[in-house]
Amino acid sequence: LAVGPGTNFTTETLVSAPSFRRDIRDIIRLDPRVSLDRDDGGSGQDRISCLGGNDRGNAFTVDGISQGDVFGLNDTGFSSRSSTPLPYDAVRETQVQFAPFDVDYGNFTGCAINVVTKSGSNDIRFGGFFEYSDSGMRGDTLDNNGTIIPVAPIEPEKNWGAWIGGPIIRDRLFLFGAYEHQEAGQSQ
């Protein structure tokens, strides 16, 4: 049932689309009405602009429960400063709604972004990831039209996570959990 203009991104899209920072913003920007603003205000995170609007006008929900920055303390519009408030591996699908006429949607002028979380199944499944970056994984100099400029070293950055899902009571009750940890070399 369509409630207005918007886009749904399924599990297949989440798995196959490139996400450089394991962030839901990398997926919703596939919609041409959504753009990521690089003017991040110092947080290092892209701001979501829907139909050219400010990211403060967006509503962000997880399973329909508001997860936005209600106090206006963060410059991304999310309740978490560095990224969305849940691990990327816990997302089953997401929707972006621009002008829904359903009464379930409200309190936004940009777009409504809803993330639906995964649930367990009758099969036990698990997985994980590890990402690492440091100065040894990039160049030492930058060539600027014949002028060699040294590149300052960076502190190591680590990002890892794990997830597990399965049955508690077969065909009736399921469990799914995910954890993600980030150690940034720079202050956030």
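Phenylalanine 130 sits in strand E8, which covers residues 125–133. Strands here (E, at least two residues) and helices (H or I, at least four residues) are DSSP runs, numbered from the N terminus. This is a predicted model, in which local features need pLDDT of at least 70 and side-chain atom pairs count only at pLDDT 80 or more, while totals for chains, interfaces and linings use all residues. Residues are numbered from 1 along each chain as its sequence is written, and side-chain values use heavy atoms, with hydrogens and water left out.

So, is phenylalanine 130 buried or exposed? Phenylalanine 130 is exposed, with a relative accessible area of 53%. The areas come from the Shrake-Rupley method with a 1.4 Å probe, and for residues only the protein chains shown count as cover.

Let's step back to the whole chain. Its secondary structure comes to two helices and 12 strands, and along the sequence these follow the pattern β-α-α-β-β-β-β-β-β-β-β-β-β-β. Buried residues make up 34% of the 188 residues. The accessible surface of the chain comes to about 11400 Å², and 52% of that belongs to carbon and sulfur atoms.

Now for a sheet. Five strands form an open sheet in the order E1-E6-E7-E4-E5, with mixed pairing. Strands E1 (6–9) and E5 (65–66) stand at the edges with a single partner strand each, so one side of each has no neighbour in the sheet. Two strands count as paired if DSSP finds at least two bridges between them. E1 and E6 pair in the antiparallel sense over four bridges, and phenylalanine 9 has threonine 94 as its bridge partner in E6. Strand E4 (residues 59–62) pairs with E7 in the parallel sense over four bridges, and phenylalanine 60 stands opposite isoleucine 113 in E7.

E7 is mostly covered, with five of its six residues buried. Take asparagine 114, which is found in this strand (residues 112–117). Asparagine 114 is buried, at a relative accessible area of 14%. Which residues does asparagine 114 contact, leaving aside neighbours within four places in sequence? They are Thr61, Val62, Asp63, Gly64, Glu93, Thr94 and Gln95, where contact means heavy atoms within 4.5 Å. Asparagine 114 and valine 62 are 52 residues apart along the chain, yet their C-alpha atoms are separated by 5.7 Å. A polar contact of 2.8 Å joins the side chains of asparagine 114 and threonine 61, and the side chain of asparagine 114 also reaches the backbone nitrogen of glycine 64 at 3.1 Å. A polar contact is a pair of N or O atoms within 3.5 Å; within protein, one must be able to donate a hydrogen and the other to accept it, and residues adjacent in sequence count only if both atoms are side-chain atoms.

Not counting residues up to four places away in sequence, arginine 22 touches Tyr88, Asp89, Phe129, Glu131, Asn159 and Glu180.

E11 and E12 form it with three residues between them, and aspartate 171 in the turn has a positive phi of about 65°. The two strands, E11 (residues 157–169) and E12 (residues 173–183), run antiparallel and are joined by 11 bridges. Glycine 161 stands opposite glutamate 180 in E12.

Definitions and conventions: Buried means under 20% relative accessible area, exposed over 50%, partly exposed in between (1.4 Å probe, protein chains only).
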